[in-house]
Amino acid sequence: LSPQPVNMAGVGFRRWAQALSKGKGSGISALLSGCRAASGASKDGLPGPYPTTPDEKAAAAKKYNMRVEDYEPYPNNGEGYGDYPKLPDRSQHERDPWYQWDHPDLRRNWGEPMHWNFDMFIRNRVDTSPSPVSWSTMCKQLFGFIGFMLFMFYVGEKIPAYQPVAPKQYPYNNLYLERGGDPEKQPEEVKNYEI
Amino acid sequence: MGAHLGRRYVTETGTEPDPARKYEFDPQFGFPERNEREMVASQEQMNLAQLPLEQRDYCAQYLLKLMKCKRDNWPNFLACKHERHDWDYCEHQDYVMRMKEYERERRLQLRKKRVEAQAEAA
């Protein structure tokens with residue numbers, strides 16, 4: 001027997017009208033539904049205080065869907081993490097791109113414990129994937145190149161390369177007026193000869 | 001001229017004229033008489049043509065002729081070959097004069113060095 005297609009909105013409306021007519025609560029609470037969606041955390045799914053005993057640790061691990069061996073809370077130094085698990089600082093870039101995640105964009109499965117800084121580690125933001133070359137090699141190459149170029153520019157200033165020609169000769173006392181010289185003052189006489 | 005300039009740059013550091021320094025010898029030295037360079041285009045003409053400073057040299061009159069020719073013959077951009085050649089030749093001669101000035105300075109430096117060496121030997 002295949003179920004007949006029903007209009008779920010209509011079913012919902014009918015049930016709501018029946019609950020209203022039963023008259024359980026009064027005022028606004030009579031109109032509201034008595035149940036919540038499954039997407040939010042349940043009351044005992046929220047983080048709690050720092051776990052001290054092994055029992056508390058096991059309960060916390062179970063709450064966050066982790067194995068007891070994997071569960072490690074943040075150090076209890078007053079920063080306010082409570083029993084939230086300390087996960088490795090690896091961004092979502094490092095996760096397998098080919099695996100069929102529940103949320104492919106976030107590369108995360110439903111119910112998986114989220115890093116404290118999960119919103120920082122999404123694929124649009126901070127990337128902790130390893131660089132092709134080690135950090136020290138990158139630093140050496142970059143600063144080595146920049147240092148070498150600066151050194152060569154300095155050498156070029158001290159020992160310039162030039163064509164074996166005299167400076168170009170300009171008329172009118174080396175263009176005294178054109179270069180903004182004072183028309184009242186007498187400029188330095190510059191005579192240019194043929195050769 | 002036509003020397004091996006790299007070798008000279010390294011071995012003759014004392015006598016090669018330095019582009020940063022002014023040339024120290026009297027322009028008339030060694031010449032019985034020397035003509036002054038003649039500037040044909042006036043300052044007013046160059047101002048009206050709005051020539052940039054680098055182009056206000058001793059070849060400006062040819063450049064002004066070329067600009068006039070180009071403006072008169074637009075859109076025929078192939079028209080002003082003769083004027084362009086005149087300007088280019090003038091600039092070429094100017095560059096050759098610069099090379100000669102450099103070489104003169106260099107030879108005078110060498111001569112000065114020789115004279116000083118003789119004076120010391122004597």
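Figure 1. A:Tyr162, A:Tyr193 and A:Ile195 supply 27% of what chain A buries against chain B, more than any other three residues. The contact takes 23 residues from chain A and 33 residues from chain B. Contact means heavy atoms within 4.5 Å. Across the interface, 15 residue pairs are in polar contact, with both residues at pLDDT 80 or more. A polar contact is a pair of N or O atoms within 3.5 Å; within protein, one must be able to donate a hydrogen and the other to accept it, and residues adjacent in sequence count only if both atoms are side-chain atoms. This is a predicted model: local features need pLDDT of at least 70, side-chain atom pairs count only at pLDDT 80 or more, and totals for chains, interfaces and linings use all residues. Residues are numbered from 1 along each chain as its sequence is written, chains are lettered from A and ligands numbered from 1 in the order in which they are written, and side-chain values use heavy atoms, with hydrogens and water left out.

Figure 2. Side chains of opposite charge can pair when their charged atoms come close. A salt bridge is a side-chain nitrogen of Lys or Arg within 4 Å of a carboxyl oxygen of Asp or Glu. Over all chains, the count is 19 salt bridges. Between chain A and chain B there are 4. Which side chain meets B:Asp57 in a salt bridge? The partner is A:Lys168, at 2.7 Å from N to O. B:Asp57 lies in the loop between α2 (43-48) and α3 (60-73) of chain B, and A:Lys168 lies in the loop between α4 and α5 (171-175) of chain A, so the pair joins two chains. Helices (H or I, at least four residues) and strands (E, at least two) are DSSP runs, numbered from the N terminus. A:Lys168 also forms a salt bridge with B:Glu91, where the closest N and O atoms are 3.5 Å apart. Are these side chains buried or exposed? B:Asp57 is buried, with a relative accessible area of 2%. A:Lys168 is partly exposed, at 23%. Buried means under 20% relative accessible area, exposed over 50%, and partly exposed in between (1.4 Å probe, protein chains only).

Figure 3. B:Glu103 and B:Arg107 meet in a salt bridge, 2.9 Å from N to O. The two residues are 4 apart in helix α4 of chain B, so about one helical turn separates them. B:Glu103 is buried, at 7% relative accessibility. A separate network, built from salt bridges that share partners, joins A:Lys168, B:Arg37, B:Asp57, B:Glu91 and B:Asp94. B:Glu16 forms a salt bridge with B:Arg106, with the closest N and O atoms 3.4 Å apart. This pair links distant parts of the chain, 90 residues apart: B:Glu16 is in the loop between α1 (5-11) and α2 of chain B, and B:Arg106 is in helix α4 (residues 81-121). Both count as buried: B:Glu16 at 11% relative accessibility, B:Arg106 at 14%.

**Figure 4. B:Gln109 and its neighbours.** B:Gln109 is found in helix α4 of chain B. B:Gln109 is buried, with a relative accessible area of 13%. Its side chain makes a polar contact with the side chain of B:Glu24, at 3.4 Å. Leaving aside neighbours within four places in sequence, B:Gln109 is in contact with B:Gly14, B:Thr15, B:Glu24 and B:Phe25.

**Figure 5. A nonpolar patch on chain A.** Which residues form the patch? A:Leu142, A:Phe143, A:Phe145, A:Ile146 and A:Leu150 do, with about 540 Å² of accessible area together. A:Ile146 sits in helix α4 (residues 135-158) of chain A. A:Ile146 is partly exposed, at 39% relative accessible area. Patches are made of residues with over 30% relative accessible area and no salt bridge: like charges are joined within 9 Å, nonpolar side chains (Val, Leu, Ile, Met, Phe, Trp, Tyr) within 5 Å. Accessible areas come from the Shrake-Rupley method with a 1.4 Å probe; for residues, only the protein chains shown count as cover.

Figure 6. Chain A has 5 helices and 0 strands. A:Leu46 lies in the loop between α2 (28-31) and α3 (54-63) of chain A. Leaving aside neighbours within four places in sequence, A:Leu46 is in contact with A:Ala41 and A:Lys63.

Technical notes:
Buried area = accessible area lost by both parts, 1.4 Å probe.
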